[in-house]
Amino acid sequence: MSASSAFSDEKGGSSSVGEPEYGHDPASGGIFSSDYKRHDDLKEMLDSNKDSLKLEAMKRIVAMIARGKNTSDLFPAVVKNVACKNIEDPNQLIRASALRVLSSIRVTIIVPIMMLAIKEAASDMSPYVRKTAAHAIPKLYSLDPEQKDQLIEVIEKLLADKTTLVAGSVVMAFEEVCPERIDLIHKNYRKLCNLLVDVEEWGQVVIINMLTRYARTQFLNPNLNECLLEEGGESTFYGSDADQDEDEDEDKKDEALSKRKPYVMDPDHRLLLRNTKPLLQSRNAAVVMAVAQLYFHLAPKAEVGVIAKALVRLLRSHSEVQYVVLQNVATMTIKRRGMFEPYLKSFYIRSTDPTQIKVLKLEVLTNLASETNISTILREFQTYIKSMDKDFVAATIQAIGRCATHIGEVRDTCLNGLVQLLSNRDELVVAESVVVIKKLLQMQPEKHSDIIKHMAKLTDNIQVPMARASILWLIGEYCEHVPKIAPDVLRKMAKTFTNEEDIVKLQIINLAAKLYLTNSKQTKLLTQYVLNLAKYDQNYDIRDRARFIRQLIVPTDKCGALSKYAKKLILALKPAPILESPFKDRDHFQLGSLSHLLNTKAGGYQELPDWPQDAPDPSVRNVEVPEWTKCSSREKRKEKKVEKPFYSDSEGESGPTESADSGNSTFYSDSASSSASGSEQSGSGSEESEESEERSDSDEEEEEEEEEAKKRKTQKKEPIEATISPSGSLKSYELLHRITGEGLWVEYCFSRQPFLPDPHMVAVQIQFTNSAATEAKSLRLEEAKLQSGMRVKEFPEIEVLPAGESATVVMGVDFCDSTQAANLQLCTHSRKFFVSIQPPVGELMTPSFMTENEFKKEQGQLMGMNEITEKMQLPERCQNEHAIVQRVIAAANLSRVPCGSDKEFAGRTVTSGSLVLVTVATKESGPSQLTINCEKMVIGTMLVKDILLALTQ
Amino acid sequence: MIHSLFLINHSGDIFLEKHWKSVIGRSVCDYFFEAKEKAAEPEDVPPVLQTPHHYLISIYRDRLFFLSVIQTEAPPLFVIEFLHRVVETFQDYFGECSETVIKDNVVTVYELLEEMLDNGFPLATESNILKEMIRPPTILRTMVNTLTGTSNFEERLPSGQLSTIPWRRSGVKYTNNEAYFDVIEEIDAIVDKSGTTVCAEIQGVIEACVKLTGMPDLTLSFMNPRLLDDVSFHPCVRFKRWEAERVLSFIPPDGNFTLMSYHVNAQNLVAIPVYVKQNISFFESGSGGRLDLTAGPKQTMGKTVEGLVITVHMPKAVLSASLTATQGSYTYDPATKVLVWDIGRLNPQKLPNLRGSLSLQAGAPKPEDNPSINIALKIQQLAISGLKVNRLDMYGEKYKPFKGVKYVTKAGKFQRPACVAISHFST
């Protein structure tokens with residue numbers, strides 16, 4: 001309320017310009033008086049112990065800084081808090097906010113503190129803090145560019161980060177600080193490709209643009225063969241026909257192959273294309289454009305077409321989006337017309353379009369014009385001419401002119417149409433037509449003397465200077481085609497000379513000169529009259545021209561050597577103008593960029609490099625397979641949940657044990673060995689077929705390569721397998737019998753690994769073995785009838801399982817802490833089997849680490865109904881401690897409490913997290929005792945039975 | 001990336017500015033004003049302008065210009081898309097995006113802008129996350145804030161930013177769990193003089209309103225997904241599932257959002273629900289003209305056409321119109337030369353008709369433009385493409401939600417100029 005009153009006061013008050021004052025210094029206006037009042041408490045708030053107060057204070061300070069407010073008096077308090085306390089605050093949001101405040105202070109004296117804070121935050125365990133650190137890097141860089149080297153180290157470190165939260169921000173920092181250090185990307189390339197689909201939209205744009213540049217330095221041009229041919233003069237074929245004839249394609253390939261080594265796309269290049277493609281479906285126009293430009297610059301010609309549909313979709317968005325997209329489409333249509341031809345009608349103009357959109361659509365339509373569609377386009381153009389928007393009509397007439405120059409067949413039709421426009425009621429239309437006709441006539445003047453005559457008549461009526469000038473030029477240039485009319489026109493012009501516009505006067509002089517040279521008998525006097533008028537004109541250009549022409553054409557005693565050549569000079573054959581698209585060759589700028597739009601290099605623009613002649617070493621992108629230990633240590637961190645790209649079932653990390661770590665590094669080995677990640681197989685399957693098409697005439701060299709690749713893949717396979725089954729002693733259960741499954745044999749076991757996508761699910765490891773003679777396809781599980789509340793996280797479909805091979809995947813099941821079976825449907829490409837996964841009660845829990853004291857304390861709270869005790873006689877071989885521990889742990893997924901006097905085990909149920917405490921008390925003589933404390937009595941009862949069985953058998 | 005933002009009203013006053021890096025003087029906007037002067041319509045101002053030291057990227061929405069200043073290379077669409085997101089956030093927070101509303105909520109606006117960009121790079125643009133940090137204003141809270149001087153910042157710490165599901169806030173709780181989906185379709189058609197459809201396409205969106213507790217994982221399937229020619233999704237939709245099974249699998253944002261938009265390219269499928277017989281002629285003498293419009297139903301699949309409004313853009317020479325309508329009311333605005341005939345519900349038994357005479361400016365030549373016609377209408381419970389939602393399943397939560405799908409018909413535009421008519425209306 002106060003804000004609005006402040007507005008009206010100011011508006012009515014001192015401001016003389018009629019603008020509210022507060023805008024000049026946004027923080028000083030009365031509306032922020034409440035902030036003033038609260039300045040003093042900010043210090044107190046920062047020193048307080050309450051998180052929320054601190055956060056509030058920090059945010060207010062950031063807001064003040066952003067308004068250009070001087071916050072220097074708060075500086076010590078903030079820095080004290082930030083550098084000493086908040087940066088070590090247990091709450092990650094406070095740490096992040098503190099860093100945001102610190103890095104927003106634009107004072108050079110704090111550069112060292114800021115550097116320290118960024119370094120600290122870059123290794124923070126919270127990805128959100130690391131993201132903030134990445135955001136702070138460009139801020140520090142702009143404050144002190146000398147920190148570049150140190151900042152690059154931080155960037156390098158953050159680039160290695162495996163979370164989607166950080167990826168976009170760090171690539172942004174990379175682009176601002178060190179875009180030239182492309183070498184930093186190598187090791188992270190595959191990871192970035194795999195994470196891409198889960199990165200937030202804005203980060204996706206930045207990453208895709210950067211990867212486009214990267215790919216241009218690292219891979220070979222996929223269209224190289226075609227380029228060679230195009231140079232060889234076959235460009236017309238390519239230009240006019242998008243759907244390539246198969247045979248000719250083959251021929252060309254053969255020809256090219258004989259010249260160079262066969263082209264094989266680098267798998268990393270393919271990976272990028274494959275992983276960006278789904279983003280064409282993004283709701284964010286910037287993401288779609290980024291993918292489109294990536295395909296335009298990087299994809300083989302045959303694949304670029306997929307972007308057309310997505311770009312056409314953007315044409316239904318806001319007019320600003322249309323404006324940018326059309327500019328880019330205009331550039332694309334020059335190089336790759338074929339892909340937009342099916343969408344010709346999408347570029348038809350609506351009368352509601354703003355003029356700038358109309359003009360761009362015209363540009364695209366003109367670029368798309370070819371012999372086949374020109375009649376449709378011209379019909380469409382005819383309707384545009386009737387539009388009320390005169391600028392647009394003028395642009396249409398020019399477009400018709402361009403179509404006429406490019407497509408010889410319709411030149412006469414266009415010319416006739418334009419001549420008809422000469423009798424249009426609107427002078428602007430006539431004028432524009434005249435200008436365009438003039439250009440067209442220059443191509444074949446001899447055929448069209450009647451048009452020239454017609455235009456000569458127009459000089460009586462038409463007033464637009466440009467049009468008058470064009471007509472005069474035409475008559476002068478082709479005066480021998482209209483020998484009778486030309487002198488008459490000059491006579492009329494001589495009469496009106498003094499009232500004409502300057503450009504018209506110049507053309508009158510030209511006309512006079514040309515006529516004097518060709519027909520001096522009739523026009524000598526007229527010419528002299530005109531030149532005399534021009535001699536005393538107010539405009540010096542015209543006086544100049546008159547003097548020059550006179551010296552040149554009228555022979556006098558003193559005339560120089562030049563006048564001998566007067567005819568040659570003035571009546572020289574002039575080349576016909578080439579009507580070119582203003583978008584020609586604009587694609588040397590990266591599409592979608594600001595520089596492309598403006599057609600000038602904007603500050604900070606990174607050139608799109610040319611493809612290398614020979615591919616740089618692809619092995620730089622290889623990453624060692626990480627050890628499992630590294631992963632698990634990471635998981636133990638308290639904020640592990642957010643570290644994992646939880647949501648992405650779609651790409652990369654499909655299996656639960658395959659965290660982002662292994663996901664990126666082992667990408668290729670996975671896809672070939674059909675191990676943990678199924679989704680990649682789906683991709684690779686299609687890729688292989690594509691590749692085999694590409695290399696239909698594969699030679700031995702390639703086969704060798706493939707062999708080698710296979711070897712590499714099998715070598716790499718082992719470490720992953722190892723990560724999936726940590727201890728070999730897991731008990732397997734049969735899911736599908738070999739005979740029922742007609743050769744497909746499926747087993748499952750409980751891997752006892754945490755299921756990362758959802759911590760409330762039990763990880764179930766499933767092994768498929770195909771013992772049939774044929775390959776099995778599209779293996780997947782579908783939910784059939786699940787008990788209420790039960791949830792299943794399916795593994796990604798296994799596209800192909802060749803005969804004799806086996807594959808292992810991991811899925812997650814939330815059994816809701818019950819031993820009810822999960823009923824599922826196992827589907828192959830041809831059949832469906834009903835299967836069920838029945839968990840032993842011991843698998844419904846995860847180990848929980850606690851000290852003996854904690855154990856006793858918890859046990860004390862789970863007495864009475866929650867305690868179940870059972871006496872038992874342990875067999876001989878089960879007496880020793882080691883055997884007992886082993887058997888209990890085999891029966892239930894628990895961990896032993898260290899240093900306990902009795903043998904104590906603790907765990908929590910997976911779904912609800914209820915404690916499960918197991919105690920085995922043994923005595924030298926007499927029966928031993930098994931005690932289980934568990935809130936869930938059903939679980940307790942069942943567990944007692946299971947453990948008893950395990951210990952006594 | 002984005003350095004500063006200026007908000008400029010229709011008459012060219014800068015009424016709000018925000019700088020994310022250093023302050024840039026508002027004189028930079030002069031280049032923009034220059035371009036605005038040249039443009040006939042606000043929509044004709046080029047969205048990207050180059051000045052000696054800066055680049056100006058602007059959008060025009062709700063009669064306001066959002067002008068951003070950038071200093072170095074940045075993808076123009078990135079900036080444009082972000083600015084539109086700002087407008088949408090304002091609409092979401094304040095119900096509309098107008099100068100008055102922005103001025104009334106200036107503190108919230110600054111707070112929002114501060115959270116949406118960090119050093120010029122988008123930070124939190126999802127409405128769910130923003131709402132967790134900055135509460136949308138209510139009248140009561142605005143009063144309390146004014147009196148006590150507190151801000152709209154949430155007292156408790158938000159956790160949404162930390163999630164890898166950036167569009168959904170955590171800890172959502174509802175007593176009534178419900179999920180509604182509205183299928184809204186529009187036809188874009190070009191109709192020639194004789195009334196035959198030259199080309200037609202259907203534009204559709206699925207607007208969702210999901211109020212479900214916890215982290216529901218939804219799957220929406222269609223009876224006839226093959227109908228969809230081109231689709232784009234909210235980031236929550238899993239691309240792979242769509243590619244493989246043609247189902248929408250997603251963890252929804254909380255509240256209202258656009259789940260997907262689609263395009264149906266079906267020349268023969270499209271049934272245009274109404275027709276308009278137009279007869280507008282001008283006398284040779286140039287003193288006046290005659291107008292006769294009749295609207296009737298064509299293919300409405302048994303549903304009633306509602307909210308029918310016909311708009312005619314008259315030639316400049318038309319001074320006034322004296323007409324009689326058998327149904328509804330008409331207005332003619334001599335300044336904009338727009339004739340609006342509000343018919344309402346279309347009665348197939350008694351077709352509405354509008355006829356009468358037009359008077360022309362004295363001495364003006366006979367107008368040759370046959371005016372273009374826009375038609376807006378509404379049909380309930382009909383998706384013109386025939387798209388049907390098959391079922392909605394929920395995983396991840398135990399309760400039974402209330403589910404609903406509505407096929408809505410919203411007003412759109414339908415246009416018939418002289419020879420080529422561009423119709424654009426929604427069903």
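**Exercise 1.** Why is strand β3 (residues 762-770) of chain A largely enclosed by the rest of the structure?

*Solution.* Start with the ground rules. The model is predicted: local features need pLDDT of at least 70, side-chain atom pairs count only at pLDDT 80 or more, and totals for chains, interfaces and linings use all residues. Residues are numbered from 1 along each chain as its sequence is written, and chains are lettered from A in the order in which they are written.

Step 1. Strands are DSSP E runs of at least two residues, and helices are H or I runs of at least four, numbered from the N terminus.

Step 2. Seven of the nine residues of β3(A) are buried, so the strand is largely enclosed. Buried means under 20% relative accessible area (1.4 Å probe, protein chains only).

**Exercise 2.** Identify the strands that pair with β3(A).

*Solution.* Pairing requires at least two DSSP bridges between two strands.

Step 1. Strand β2 (residues 744-754) of chain A runs antiparallel to β3(A), joined by eight bridges. Here Pro754(A) has Val762(A) as its bridge partner.

Step 2. Strand β7 (residues 806-814) of chain A also pairs with β3(A) in the antiparallel sense, over eight bridges. Val810(A) of β7(A) stands opposite Gln765(A).

**Exercise 3.** Describe the lining of the second largest cavity.

*Solution.* A cavity is a set of points on a 1 Å grid over the protein atoms alone where a 1.4 Å probe fits but cannot get out; lining residues have an atom within 4 Å of a point.

Step 1. The second largest cavity holds about 130 Å³ of space, the volume being that filled by probe spheres set on the points.

Step 2. Its lining has 14 residues, and those closest to the centre are Lys59(A), Ser97(A), Arg100(A), Tyr128(A) and Glu115(B).

Step 3. α6(A) gives the most to this lining, with five residues.

Terms used: Heavy atoms only, no water. Buried < 20%, exposed > 50% of the residue type's maximum accessible area, 1.4 Å probe, protein only. 1 Å grid on protein atoms, 1.4 Å probe; cavity = no way out; pocket = protein on both sides within 12 Å on 5 of 7 lines; lining within 4 Å.
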